[in-house]
Amino acid sequence: MKRFGLLVVTLALLAAGRASAQSVDEGLLNAVAYKPLPAGMAIAVRPMDDSDENLVLRERIEGELKAQGFSVSGDGALILTFETRDSVGAWSDAGRRSVLEFQYKSEKGIGGDNERLRLNLFDSAKGGVFNEGRAHGTSIVTPSQYRIDATIDDRRNGERLWQAWATASLQQSDGPTLTQAMVPAMVESLGKTVRRQTFQLP
């Protein structure tokens, strides 16, 4: 009996471990290297939009570049341009009771229109006067998604050397925090070609 109890506890811990592993937030990264990045050249970081959030994000990118050994300068020969986007998710509200229902029906050839007001006393799905129904509250159908696009061009000849984009779904954090969390993986891929690489978000 003790062995059986120990087995149940062990299986429960394993299941909890799997559940926590599956709940880790992840982002998706793609990058294309058109030409090798010239060695030793400084990089200037420029946002497409000078919003307050993007100025903070520029500092985050510059800090990560320096941490990974790149030289950063406002007049650098290489220009890293970035842009942020977001797409709002969809929600489904299934928690409203349907107590009063108004119906309108046009009956052609019978002598006019038919209108009816119905009092909904009980509805197992939506809920009525005497019950709340099975579904309550608002559920997220698709979460909001945030994206960073970045390119590196050679200022001397205008050539495109590298391009990347990273996406992640909004879970517990806010949008600016999420975009900043995507920076390390993107900077790590500088000068490389990456196809649908997942990365963990803190």
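A salt bridge is a side-chain nitrogen of Lys or Arg within 4 Å of a carboxyl oxygen of Asp or Glu. Asp153 and Arg160 meet that criterion, with N to O at 2.4 Å. This is a predicted model: local features need pLDDT of at least 70, side-chain atom pairs count only at pLDDT 80 or more, and totals for chains, interfaces and linings use all residues. Residues are numbered from 1 along each chain as its sequence is written, and side-chain values use heavy atoms, with hydrogens and water left out.

Start with the sheet. Six strands form an open sheet with mixed pairing, in the order β2-β3-β8-β9-β1-β10. Strands (E, at least two residues) and helices (H or I, at least four) are DSSP runs, numbered from the N terminus. Two strands pair if DSSP finds at least two bridges between them. β2 (43-47) and β10 (194-200) each have a single partner strand, so one side of each lacks a neighbour in the sheet.

Now take the pairings. β8 (residues 145-154) and β9 (residues 160-169) run antiparallel, joined by nine bridges. Gln145 faces Ser169 of β9 there. β9 also pairs with β1 in the antiparallel sense, over seven bridges. Leu29 stands opposite Ala166 in β9. Five bridges tie β1 (residues 26-33) to β10, again antiparallel. Gly27 has Phe199 as its bridge partner in β10.

Helix α2 (residues 52-67) lies across β2, β3 (78-87) and β8. The helix runs at about 160° to β2. Axes are lines fitted to C-alpha atoms, for helices over the stretch in contact, and angles run from 0 to 180 degrees between N-to-C directions. Contact means heavy atoms within 4.5 Å. Glu64 lies in α2. Its relative accessibility is 14%, so Glu64 counts as buried (under 20% relative accessible area; exposed is over 50%, partly exposed in between; 1.4 Å probe, protein chains only). Glu64 touches Val183, Pro184 and Val187, leaving aside residues up to four places away in sequence.

Back to the charges. The whole structure holds six salt bridges. In the Asp153 pair, Asp153 is buried at 17%, whereas Arg160 is partly exposed at 38%. Another salt bridge joins Arg85 and Asp149, with the closest N and O atoms 3.4 Å apart. Arg85 sits in β3 and Asp149 in β8, 64 residues apart. Arg85 is partly exposed at 43%, but Asp149 is buried at 13%. Arg147 joins these two residues in a network of salt bridges. Lys35 and Glu159 form a further salt bridge, at 2.8 Å from N to O.
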